[in-house]
Amino acid sequence: MRNVCSKVSLPHTAKLLVIATLFGMSSVACVAMDRGPIERPDPERACHGLDQQTRSQSVLAHGTVADIDDRHERVGKQRRRVARGADIAVHAEPNSNPAYLERRARCEIAQNRAWGEASPTHASDSPLAVKDVDVRVERRGPYMVFELRSDTPESARSIQERARTFGHS
């Protein structure tokens with residue numbers, strides 16, 4: 001099989017190749033699509049189903065920070081080290097769910113982006129208030145790890161700085 005999906009992101013390429021293999025296709029043609037401008041997230045949609053009290057409390061304020069790791073990536077021919085964000089590990093509460101915590105974090109990010117300092121969860125030192133932040137939450141042993149990322153180096157460095165400050169407060 002020949003891979004002509006070079007302009008499609010790796011996860012999508014892998015999915016297309018697996019589907020092509022399952023259907024016995026000898027080659028796959030891919031078209032990269034422009035995603036267009038980034039839209040401002042709608043807090044009502046991002047926070048749908050969360051009560052007002054939950055929406056007004058920062059998701060990171062509830063856990064005890066166990067560890068903070070800066071995340072970096074090697075890019076380019078020179079394999080230059082570039083900041084990408086931080087991982088914040090908090091002690092997991094009993095029956096806590098990573099999908100629910102991620103949903104709460106995305107709600108908080110949407111509120112911060114849409115309303116700025118008027119957001120009920122806005123804290124100028126919060127890593128979730130950084131421009132261009134994205135989040136994923138997963139359970140790792142007894143911890144819930146908030147993986148905070150940004151593709152822009154300035155925002156990634158700001159996430160790292162705020163995560164360290166947050167962890168020491």
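Helices (H or I, at least four residues) and strands (E, at least two) are runs assigned by DSSP and numbered from the N terminus. Please keep in mind that this model is predicted.

**Exercise 1. Find how many helices and strands the protein chain has, and the order in which they run.**

Step 1: Count by type. The protein chain has 5 helices and 6 strands.

Step 2: Walk along the chain. Starting at the N terminus, the elements follow the order β-α-β-α-α-β-β-α-β-β-α.

Step 3: Look at the contacts. Among those in the protein chain with a separation of 6 or more, 62% are between residues 24 or more positions apart.

**Exercise 2. Find the disulfide and work out which parts of the chain it ties together.**

Step 1: A disulfide is a covalent bond joining the sulfur atoms of two cysteines.

Step 2: Locate the pair. The structure contains 1 disulfide, formed by Cys47 and Cys107 with their sulfur atoms 1.9 Å apart. Since the cut-off is within 2.5 Å, a pair at this distance counts.

Step 3: Cys47 sits in the loop between α2 (43-46) and α3 (52-55), while Cys107 belongs to helix α4 (residues 98-115), so the link ties together parts 60 residues apart in sequence.

Step 4: The link of Cys47 and Cys107 is right-handed, with 100° about the S-S bond. Are the two cysteines buried or exposed? Cys47 and Cys107 are both buried.

**Exercise 3. Describe the largest nonpolar core and the surroundings of Ile88.**

Step 1: Start from a general idea. In soluble globular proteins, nonpolar side chains tend to be buried together.

Step 2: Name the central members. The largest nonpolar core has 19 residues, and those touching the most other members are Val59, Leu60, Ile88, Leu128, Val135, Phe146 and Leu148.

Step 3: Find the suppliers. At least two residues of this core come from each of β4 (80-91), α4, β5 (134-140), β6 (143-149) and α5 (153-167).

Step 4: Zoom in on Ile88. Leaving aside residues up to four places away in sequence, Ile88 touches residues including Leu60, Val65, Phe146, Leu148 and Phe166.

**Exercise 4. Find the largest cavity and say what lines it.**

Step 1: Search. The whole structure has 1 cavity of 30 Å³ or more, and the volume of the largest cavity is about 40 Å³.

Step 2: List the lining. It comprises 11 residues, with Thr54, Arg55, Gln57, Arg104 and Glu108 closest to the centre.

Step 3: Sort the lining. By class there are 3 nonpolar, 5 polar and 3 charged residues, and α4 gives the most, with 4 residues.

Conventions. Residues are numbered from 1 along each chain as its sequence is written. This is a predicted model: local features need pLDDT of at least 70, side-chain atom pairs count only at pLDDT 80 or more; totals for chains, interfaces and linings use all residues. Side-chain values use heavy atoms; hydrogens and water are left out. Buried means under 20% relative accessible area, exposed over 50%, partly exposed in between (1.4 Å probe, protein chains only). On a 1 Å grid over the protein atoms alone, a cavity is a set of points where a 1.4 Å probe fits but cannot get out, and a pocket is an open set with protein on both sides within 12 Å along at least five of seven lines; lining residues have an atom within 4 Å of a point. Grid points are joined across faces, edges and corners, and a volume is the space filled by probe spheres set on the points. Ala, Val, Leu, Ile, Met, Phe, Trp, Tyr, Cys and Pro count as nonpolar, Asp, Glu, Lys and Arg as charged, and the others, Gly among them, as polar. A nonpolar core is a set of buried Ala, Val, Leu, Ile, Met, Phe, Trp, Tyr and Cys residues joined through side-chain atoms within 4.5 Å. Contact means heavy atoms within 4.5 Å.
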